[in-house]
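Colleague: I have a chain here that I'd like to go through with you. Can you put it up?

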Amino acid sequence: MAQIYNDKELGKSAVLVALQTRGVTAEEVERSLDELERLLDTAGGKVFARVVQAKDTPDIRTVVGSGKVKEIGELCKANDIELVIFDSELSPSQIRNIEDETDVRVIDRSMLILDIFALHAVTGEGKLQVELAQLKYTAPRLIGKGLEMSRLGGGIGTRGPGESKLESDRRHMKRRISALEDELAELDKNRNTMRAARDRSGIAKVAIVGYTNAGKSTLLNRLTDAGILAEDKLFATLDPTTRKFELPSGENVLLTDTVGFIRKLPHHLVKAFKSTLDEAVYADILLILIDASDDECESELEVTNKLLGELGAAGKPTLYVFNKCDKSIELPNLPEGERGNIFYISAKTGEGVDAMISRLEELVQAGKKRLVFTIPNAEQGALNILYKNAAVEDVEYGAEAVTVTATVDAKVRGMLAKYLPEADRIKKESEADW
């Protein structure tokens with residue numbers, strides 16, 4: 001039987017459907033449905049009922065069994081419900097079959113996430129990314145009764161390009177997708193140019209990453225007065241925001257707020273938002289924010305680490321920051337080896353933030369030295385290496401050599417050791433941290 005929430009407003013209500021297959025516990029299904037309900041709330045809807053069926057394997061036609069599909073149809077008809085959301089990914093034929101048997105519009109978890117992305121995209125690039133993802137994923141699924149059931153009228157699962165645009169572009173869809181990919185490739189090229197400029201500046205890049213709604217935007221606002229939207233909603237931030245932050249020593253770092261992660265993040269979304277997610281890949285330091293007040297914070301950290309690994313961003317110097325510690329929480333057990341990089345803060349009140357900043361400064365400073373290089377005029381290719389890989393402070397051109405003052409890391413110091421004074425060369429060889 002369905003679990004019904006009678007206190008919900010019916011006008012924007014939906015029925016959530018999940019399948020409990022072999023090896024999946026009832027608790028895991030409920031946790032996933034809890035998150036689906038939060039996604040629906042972010043999209044502006046309310047849950048009317050939850051329907052869960054235990055079945056060894058999904059039904060190839062309708063995911064859940066035919067009896068359960070009939071039950072869902074009767075439930076929707078009796079309560080004037082016009083939307084059913086499945087917690088798993090549906091094929092076009094499954095959507096058509098379920099819609100045919102229930103006479104209700106059907107979407108899946110991925111389509112709901114796309115809808116939220118369309119709602120929150122602000123920049124031109126973000127909107128292009130959403131449209132590309134929707135065209136690649138949603139358009140083939142706009143079939144069956146969905147075409148006759150007020151998709152043109154808007155609502156949850158219909159934002160973004162819209163049915164009218166998709167229909168008008170259907171014959172030229174491949175052309176439209178190709179055009180979007182070309183536009184995004186050009187934007188990605190511009191982004192790479194900006195990244196190269198940041199690299200030349202020698203300013204450390206810190207990416208604030210983590211599960212959606214962990215408080216990343218709130219932390220960036222506290223540190224930099226960025227003034228970006230921070231809401232208690234999933235995916236409140238979609239477009240990355242970068243701000244300069246001055247450490248207590250006076251050195252600057254670049255902090256970037258990134259799009260949040262989530263369980264079952266659709267692969268096509270990862271591909272469409274690659275340039276945005278690459279902010280974590282190109283960062284020097286990762287600041288992983290975890291919502292310590294969430295009972296699922298340990299599993300959410302696992303999801304975050306897994307996705308960072310898939311993106312190729314694992315293995316960087318990392319701070320694990322448990323946020324929302326102003327609330328009553330029970331902190332999880334963590335590996336002893338990471339204790340020095342684990343902090344408990346409240347981005348809202350500022351509690352614990354100073355200690356986190358001190359450790360961040362240590363990571364930024366680790367291995368960096370301010371040195372003076374003397375480069376013969378005939379070997380000025382070494383000067384290009386400094387411009388590309390270090391923070392150059394001063395350059396003086398002499399009759400026989402160029403004197404350069406720069407802050408460099410261990411790698412650059414090793415490459416250009418022969419241009420250092422003898423005392424610095426000897427010191428390099430004796431320092432264990434180099």
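Colleague: In the hairpin of strand 7 and strand 8, which residue takes a positive phi?
Modeller: G250, with a phi near 100 degrees; five residues lie between the two strands of that hairpin. Keep in mind that this is a predicted model, where local features need pLDDT of at least 70, side-chain atom pairs count only at pLDDT 80 or more, and totals for chains, interfaces and linings use all residues. Residues are numbered from 1 along each chain as its sequence is written, and side-chain values use heavy atoms, with hydrogens and water left out.

Colleague: In what sense do strand 7 and strand 8 pair?
Modeller: Antiparallel, over six bridges, with strand 7 at residues 241–246 and strand 8 at 252–257. Pairing requires at least two bridges found by DSSP. Strands are DSSP runs of E, at least two residues, and helices are runs of H or I, at least four, numbered from the N terminus.

Colleague: What stands opposite R243?
Modeller: L255 in strand 8.

Colleague: Changing topic, where is R263?
Modeller: In the loop between strand 8 and helix 9, the latter spanning 267–272.

Colleague: Which residues is R263 in contact with?
Modeller: Beyond neighbours within four places in sequence, E35, R109, Y211, E296, S299, E300 and V303. Contact means heavy atoms within 4.5 Å.

Colleague: Which side chain makes a polar contact with the R263 side chain?
Modeller: That of E35, at 3.2 Å. A polar contact is a pair of N or O atoms within 3.5 Å; within protein, one must be able to donate a hydrogen and the other to accept it, and residues adjacent in sequence count only if both atoms are side-chain atoms.

Colleague: How many helices and strands are in the chain?
Modeller: 15 helices and 14 strands.
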